[in-house]
Amino acid sequence: MDHKYQCVALNDGHFMPVLGFGTAVPEKVPMSEALKATKLAIDAGFRHIDSAYSYEVEEEVGLAIRSKIADGTVKREDIFYTTKLWPTFSRPELVRSSLELSLKKLQLDYVDLFIIHFPMPLQPGDQIVPRDENGKLLFETVDLCDTWEAMEKCKDSGLAKSIGVSNFNRRQLERILNKPGLKYKPVCNQVECHPYLNQSKMLDFCKSKDIALVAYCCLGTSRDSRWVDQSSPFLLDDPVLGAIAKKHKRTPALVALRYQLQRGIVVLAKSFNEKRIRENMQVFDFQLTPEDMKIIDGLNRNFRYNTASFLADHPDFPFHDEY
């Protein structure tokens, strides 16, 4: 089957391509690289593009998508585009305006998926991470169930085809799922997931609720110092991944991506290197054996790259719970 048609069926009837392209730009990389890389990704065959308000690249990503529509490479309906609700927009009356801000930057009529970026409301304003004069994080008291109702209205309006969540632990997901009068379940939970943090419990829970698990940081990270401890291990240097890659005549990155696909997880691969962007499409060209899968399962150490430590003093911080 052509890789473009390898999709997962979402619980609302829409379909999400199982391989996505991440657009968060690491520090010290110019934002203009997002434009170039997104064009390269679409040319290489990526049809699922993942971005967010907080990445501050939606103008560039939107321009890339529109230019690839204009030159006939794709139609709008070929692209599955995700944006995210940042915590400073958690008040129900701000949810739609956040989506409209993204659409204005993108110059698109709708997004395919709109997800709550983090389950911990912050005070609204211009700052991505609002703090007081003493550096204390400024929380906001908002019931996530109220935020979710506003997300449902965005789906009803047609501005978002599907709605979901990100970085939710099981307890936070259950709050939404058990909400009285729930109209739409989240179609996905986007979380950090890779061989060092394989999220097996969250995967089982999401499967049981017909919620897709979407993996970010699936190749480790770009080691952005704003998010990541610089002493973190390099996932792609792991000798076990290296040995399996050698056996299949593939790269460790392809093995890490393939591992997730065979577990039924949607993967987001981020790269600003043309060769690697094209190479990542080869994930559909081989299969890992059951023994390979078992060996990679054994690498799990519940190690998180994206600690989001600058948000850790929030009472609803999701990573305090195991899953």
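I'm working from a predicted model here.

**Entry 1: T38**

I looked up T38 with that cut-off in mind. The T38 side chain reaches the backbone oxygen of A34 at 2.6 Å. I then checked where T38 sits, and found it in helix α1, which covers residues 32-44.

Buried or exposed, I wondered about T38? T38 is buried, since its relative accessible area is 0% and the cut-off for buried is under 20%.

Next I asked which residues T38 is in contact with, leaving aside its neighbours within four places in sequence. The list I got is F21, T23, I49, V61 and A64.

**Entry 2: the whole chain**

For the C-alpha trace, I noted a span of about 55 × 45 × 40 Å along the principal axes.

I also looked at contacts between residues at least 6 apart in sequence: 75% of them join residues at least 24 apart.

**Entry 3: burial, surface and charge**

Of the 323 residues in the chain, 54% are buried. I got an accessible surface of about 14000 Å² for the chain, with 49% of that belonging to carbon and sulfur atoms.

Last, I checked charges: the chain has 43 positive and 44 negative side chains. The centres of these two sets lie 4 Å apart.

How values were computed
Residues numbered from 1 in each chain as written. Predicted model: local features only at pLDDT ≥ 70, side-chain atom pairs only at ≥ 80, totals over all residues. Heavy atoms only, no water. Buried < 20%, exposed > 50% of the residue type's maximum accessible area, 1.4 Å probe, protein only. Contact = heavy atoms within 4.5 Å. Areas by Shrake-Rupley, 256 points an atom, 1.4 Å probe, with all protein chains shown as cover. Lys, Arg positive; Asp, Glu negative; His and termini not counted. Charge placed at Lys NZ, Arg CZ, Asp CG, Glu CD. Helix = DSSP H or I, 4+ residues; strand = E, 2+ residues; numbered from the N terminus. Polar contact = N/O pair within 3.5 Å; in protein donor to acceptor, adjacent residues only side chain to side chain.
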